2 protein chains.
Amino acid sequence: MNLKSGTHIRIKDIAEKAGCSIGTVDRVIHNRGKVSEPVKKRILEIIRELDYKPNVNARVLASKRPLTLGILLPSYRRGEYWELPNLGIKEAIERYEEQGYNINSIQLTYNSPEKFLKAGMKLLSDEIDGVIMNPASYKESIRLVRFYFQNNKPFILIDSDINGVPSLSFIGNDPVQTGLTVAKLIHQITRHIQGQKKLWTINLSKNLDQMYALLARESGFMNYYSGKLLLNEYDFKTFDIEDHGSQKSIDELMEELFSKEVPHAIYVTGSMVYKIAISIKKLKLEQKPLLIGHDLIRANIDRVMDESVDFLIEEEAKRQGYLAVESMIRSILYKEKIEKKQFMNLLIYTRENLPSDRTEQA
Amino acid sequence: MNLKSGTHIRIKDIAEKAGCSIGTVDRVIHNRGKVSEPVKKRILEIIRELDYKPNVNARVLASKRPLTLGILLPSYRRGEYWELPNLGIKEAIERYEEQGYNINSIQLTYNSPEKFLKAGMKLLSDEIDGVIMNPASYKESIRLVRFYFQNNKPFILIDSDINGVPSLSFIGNDPVQTGLTVAKLIHQITRHIQGQKKLWTINLSKNLDQMYALLARESGFMNYYSGKLLLNEYDFKTFDIEDHGSQKSIDELMEELFSKEVPHAIYVTGSMVYKIAISIKKLKLEQKPLLIGHDLIRANIDRVMDESVDFLIEEEAKRQGYLAVESMIRSILYKEKIEKKQFMNLLIYTRENLPSDRTEQA
DNA sequence: ACAATGTGTGTGTCCGCACACACATTTCTT
DNA sequence: AAGAAATGTGTGTGCGGACACACACATTGT
């Protein structure tokens with residue numbers, strides 16, 4: 001095989017073919033007006049016909065215009081989940097900056113729906129070209145997004161989707177699918193256990209708003225068993241825990257729960273399995289339950305390494321951030337069409353296949 | 001946070017600071033010679049000091065030089081493993097071409113070490129800037145690579161590594177690590193089975209050369225059990241099968257093997273689990289063994305969908321090809337330093353988390 | 001009728017870099 | 001010591017596109 005580079009057509013070629021100057025062609029490409037209807041139509045026709053694709057490099061080079069992105073994510077501390085997408089965002093910005101792009105970012109965070117809305121409104125300012133955000137609760141998100149739409153401000157949702165909203169793109173995964181996957185894994189591992197298997201689901205989150213996202217996972221999780229008519233093989237228990245940072249309170253809760261029964265498997269829907277793992281370690285059981293959680297945050301990785309957590313599921317959190325920035329650039333600077341939904345892979349990690357630090361780019 | 005774009009330094013800036021013209025700076029950057037030692041040293045110093053990063057867009061725009069890549073992979077038919085890396089390669093080339101790069105490729109394939117060597121030598125021609133290849137057997141690869149080295153021809157190895165070879169980069173994974181991961185998964189799933197577990201390993205490959213790559217996986221696989229002192233919990237059996245395309249011969253073999261015993265789990269080290277799955281389906285067992293294999297080829301995906309294969313492990317085959325091309329471009333065109341080893345993620349797939357076609361970029 | 005405004009179109013410069021070429025200076029011949 | 005060859009350095013042009021500006025011509029107002 002021998003792929004030869006096709007002769008790229010340039011603005012100049014279009015101009016010649018249309019019998020006008022490149023300035024005119026440029027004007028219709030950028031909708032800068034001041035072009036008579038017939039000429040405009042002719043040029044548009046030729047552009048379509050020749051399948052003109054602007055040279056990205058030349059475009060970026062010539063356009064001094066800086067790109068300013070608004071970033072709106074939940075507030076977080078070091079080592080918490082939202083550090084990961086944010087890392088991806090920073091990496092992408094850095095990389096593109098290195099390559100000569102001029103990218104600014106204004107990052108705001110929220111820890112309540114009200115602040116989300118407020119911060120989101122602040123990002124409506126003129127100099128912001130687009131917004132990358134994780135929507136808080138449904139109501140506020142819908143409202144904010146309407147403003148964005150009215151102001152022609154493109155936005156990308158990451159990690160959680162809101163159906164039927166005119167976003168540039170959604171980047172993340174379907175939580176129901178995630179739940180299904182975890183359920184399948186647990187089912188496979190516990191299927192040879194004699195008798196009814198005791199299975200716990202723990203929705204552990206920092207506050208009520210984040211809890212809602214977890215419930216979708218739990219729902220997918222349960223769907224698996226009901227769909228496969230396996231419900232009577234298991235004894236399900238669900239615990240919703242609002243965590244306020246203290247390991248001790250979780251220790252106490254676990255001790256109490258475990259005094260009544262020791263489950264065969266535990267699924268922690270949030271990103272804080274490590275807390276449960278630590279509590280369980282302290283109980284010094286002779287037979288540990290299977291423990292499955294989410295996300296490659298440091299604390300979780302450590303628990304997988306010492307095998308107090310058996311599996312971690314993750315949805316390429318870092319990559320979500322990276323792709324969000326990249327999509328914005330492609331959409332705004334290159335004027336490319338972006339996929340409406342960009343689903344990440346659902347990765348299953350255990351001690352043996354944890355990504356090592358020896359490598360990796362986003 | 002507000003990341004402002006740093007003032008990018010240009011060749012011009014360096015020239016000013018060094019008290020010379022941009023032509024001179026350009027010469028030292030491209031090692032075009034004809035620069036006196038002291039000046040060269042000074043410029044190099046300034047470049048390092050100012051951390052000069054050439055503007056990629058301008059560079060690509062200005063450089064008309066086409067990049068010609070040699071691709072040397074095992075021959076394959078549609079739906080076979082090597083289609084995947086190749087897909088990634090094509091995608092990368094296409095994408096970069098779209099962006100204005102001028103990339104040619106010459107693709108050769110081999111189905112024996114001799115042909116590998118012969119094809120590889122053909123790629124030594126002048127107009128080829130670099131070679132992306134999967135090394136065949138050790139001996140021939142070493143020999144070929146020596147020629148490349150002597151002729152200053154950069155090359156990237158994908159999928160299989162050869163230690164101590166001056167490749168630009170290796171892209172793939174450690175087969176031993178892969179084996180360990182599969183072993184862990186199987187161990188987790190079979191641990192609750194009573195008594196000694198019957199475990200088969202099937203090295204199924206098209207020919208002997210490919211077989212060697214599989215043995216490394218098998219070795220990692222066994223390491224897991226010996227390392228954890230689990231050997232006596234299992235009854236291991238290993239079968240090396242050279243497949244010549246006929247499903248029937250495999251059917252017969254499986255029927256014979258299964259008539260003696262039905263294993264609890266089977267690990268097929270190559271990319272052709274689907275053949276084993278088909279054979280097993282025909283046996284109509286009441287209790288199917290756990291079946292684990294490799295790679296997201298169509299036939300395997302179909303078997304996972306109907307759950308005749310339980311898990312697929314894969315090493316981002318498509319991405320390997322994509323990254324190989326990208327690395328070549330970055331190295332040759334941008335003169336960036338490339339990671340010597342680029343390890344892929346080890347992905348565990350089951351029916352519920354198979355990547356859907358609804359999305360995806362490389 | 002003439003100026004003031006508006007509309008459509010072409011020209012020129014710049015973006016940062018690669019590379020060819022011209023020119024200046026040094027070193028080597030014989 | 002004069003010319004040839006080698007070595008060092010600066011200038012100019014082009015890559016494809018963005019955008020400011022100039023300008024011709026038509027339209028409107030007074």
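How many residues of chain B are in contact with chain A? I opened my notebook with that one, keeping in mind that this is a predicted model. I found 50 residues of chain B in contact with 50 residues of chain A.

**Entry: the side of chain B that touches chain A.** I looked up which elements give two or more residues to this side. In chain B they are strand 1 (2-3), helix 4 (56-62), helix 5 (83-98), strand 3 (103-110), helix 8 (175-190), strand 12 (341-343) and strand 13 (347-349). Helix 8 of chain B gives the most, with 6 residues. I then sorted the residues on this side of chain B by kind: 18 are nonpolar, 21 polar and 11 charged.

**Entry: how the two copies are related.** I superposed chain B on chain A with a rotation of 180° and 0.3 Å of shift along its axis, and the RMSD came to 0.5 Å. The same surface serves both copies, as 100% of the contact residues of chain B recur in chain A.

**Entry: the nonpolar cores.** I noted a general point before looking: in soluble globular proteins, nonpolar side chains tend to be buried together. Here the largest nonpolar core has 84 residues, and A:Ile186, A:Ile276, B:Ile186 and B:Ile276 touch the most other members. I followed A:Ile186 and, leaving out residues up to four places away in sequence, found that it touches A:Leu199, A:Ala265, A:Tyr267, A:Leu290 and A:Ile292. Another core, of 35 residues, lies apart from the largest one; among its members are A:Ile71, A:Val131, A:Ile132 and A:Phe170.

Note on methods
Residues numbered from 1 in each chain as written. Chains lettered and ligands numbered in written order. Predicted model: local features only at pLDDT ≥ 70, side-chain atom pairs only at ≥ 80, totals over all residues. Least-squares fit on C-alpha atoms with pLDDT ≥ 70 in both. Contact = placed C-beta atoms within 7 Å. Core = buried A, V, L, I, M, F, W, Y, C linked by C-beta atoms within 7 Å. Buried ≥ 20, exposed ≤ 12 C-beta atoms within 10 Å, placed from the backbone. Helix = DSSP H or I, 4+ residues; strand = E, 2+ residues; numbered from the N terminus. Nonpolar A, V, L, I, M, F, W, Y, C, P; charged D, E, K, R; others polar.
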